[in-house]
Amino acid sequence: MAVRVATNRVVALAARPAGFPSESDFELVEQAAPEAGPGEVLVRVLWTSVDPYQRGRMSEARSYAKPVQLGEVMTAQAVGEVLESGDSRFGAGDLVVGQLGWQELAVARAGTLRRVPAALDPPTLALHAVGATGFTAYFGLLDVCEPKPGDTVVVSGAAGAVGQVVGQIAKLMGCRTVGIAGGPDKRADLLGLYGYDAAIDYKNDDLRARLKEECADGVDVYFDNCGGDISAGVHTRLNVGARIAICGQISQYNAERPQPSFHPGLLIVFRARMQGFLVSDYAARFDEAAARLARWVAEGEIRWREHVTEGLEHAPRAFIGMLNGENRGKALVKVADR
Ligand SMILES: NC(=O)c1ccc[n+]([C@@H]2O[C@H](COP(=O)([O-])OP(=O)(O)OC[C@H]3O[C@@H](n4cnc5c(N)ncnc54)[C@H](OP(=O)(O)O)[C@@H]3O)[C@@H](O)[C@H]2O)c1
């Protein structure tokens, strides 16, 4: 049984970075433990997440969500154990997932939390393959890209949290998959663990030459996590009727002058469709995605890898490492033992 503590350690935003963030943009702060009011739930965080979108929340630039304020706890999805509940939907001991932040204790509105099913093993799956990044892969591929059997599907950021799931769903849909990621270890994971038909190491291979070899019949679907030169290379191989999902543009997130990778004239030449999307647009269908992804994971159809950093105080290091490509699989921070 969990023990109540009097203080809460949180990682707060200390400065707004220009360019690449550093650990000094964050501070570890000790606060009084929060209490849950009516309709609220007090959660002891066990695992918290580091994700590319958090880079956007550190900035005041206009976006789809409000920035984290200086001195405020960094926003993050996390899995934790309910200590106290002011809502009949949850009770002490339940495992939940929600936007609980980089901190040891969090209070959340009950309606913002999802229960982590007891059968989900390990429960951290609720932070990736059967959680937000899995849902991103699911809706971005199936709804935005509408893959058909025999399509060639190219995925950038293919060995990351979203990318590892995209390639495997595309295989389940009968597509041929080409993954792009950085370094020989990730290339080996693409082929050996995630079952991509072909893998390109953009840091060591001649990207355009390899795309020509591996996509000799062109690209029908491009699931874009990266933008930049990688995407510019893929765009030269598009087929007529290609679908491009703009999921993320991580190569540009720390650039002081982001570079567009696309010439709109190509959309005319290839009669192609390019669409940006946010996973939150599909919130009403998360249960559908969770049920299918959980079944595919349980049946071994979707395999995954986690990259775990121990200790809340190391969340900034884990975040910066993820932006640098150090994560092999979903980047997570273990905050406490269950
Ligand atoms: N639209 C949505 O709702 C939504 C939801 C979730 C995530 N996303 C986006 O999806 C993308 C992947 O997110 P994730 O959570 O799965 O992260 P992730 O891929 O697990 O981790 C980030 C990876 O980005 C790659 N990277 C970093 N800098 C790069 C660069 N300059 N060029 C190419 N690759 C670079 C690194 O892999 P390498 O070692 O291979 O370079 C790094 O491991 C991000 O762009 C994110 O913003 C969008």
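Student: What makes up the shell around the ligand, by class?

Tutor: In this predicted model, the shell around the ligand divides into 16 nonpolar, 14 polar and 3 charged residues. Glycine counts as polar under the classes used here, and Gly 160, Gly 182, Gly 248 and Gly 325, together with Ser 251, come nearest of the 33 residues around the ligand.

Student: How do you know that a residue belongs around the ligand, and which elements give two or more residues to the shell?

Tutor: A residue is taken as near the ligand if its C-beta atom, placed from the backbone, lies within 6 Å of it, and 33 residues are counted around the ligand. The elements that give two or more of them are α2 (132–145), α3 (161–172), α6, α9 (315–323) and β15 (330–334), and the most comes from α3, with 3 residues.

Student: Which domains does the shell around the ligand draw on?

Tutor: The chain is divided into domain 1 (7–128 + 304–334) and domain 2 (132–280), and the shell takes at least three residues from each of them.

Student: How many residues does each domain give to the contact between domain 1 and domain 2?

Tutor: The C-alpha centres of the two domains lie 28 Å apart, and their contact takes 16 residues from domain 1 and 17 residues from domain 2. On the side of domain 1 that touches domain 2, the classes are 6 nonpolar, 6 polar and 4 charged residues.

Student: Why is the radius of gyration of the chain said to agree with that of a compact globule?

Tutor: For 338 residues, a compact globule would have a radius of gyration near 20 Å, and the chain has 20 Å, so the two agree. The C-alpha atoms fill a box of roughly 60 × 45 × 35 Å along the principal axes, and the chain has 9 helices and 15 strands.

Student: What describes the packing of helix α5 against helix α6?

Tutor: Two packed helices are described by the angle between their axes and by the distance between the axes. For α5 (residues 207–214) and α6 (residues 228–235), the angle is about 35° and the axes are 10 Å apart.

Student: Is the crossing of α5 and α6 left-handed or right-handed, and which residues meet there?

Tutor: A crossing is right-handed if the near helix is turned clockwise from the far one by less than a right angle, and α5 passes α6 in a right-handed crossing. Leu 207, Arg 208 and Leu 211 in α5 meet Ile 230, Gly 233 and Val 234 in α6, and the residues of this contact divide into 4 nonpolar, 1 polar and 1 charged.

Technical notes:
Residues numbered from 1 in each chain as written. Predicted model: local features only at pLDDT ≥ 70, side-chain atom pairs only at ≥ 80, totals over all residues. Axes fitted to C-alpha atoms, helices over the stretch in contact; angles between N-to-C directions. Helix = DSSP H or I, 4+ residues; strand = E, 2+ residues; numbered from the N terminus. Contact = placed C-beta atoms within 7 Å. Domains from an automatic or database assignment. Rg over C-alpha atoms; globule rule 2.2 N^0.38 Å.
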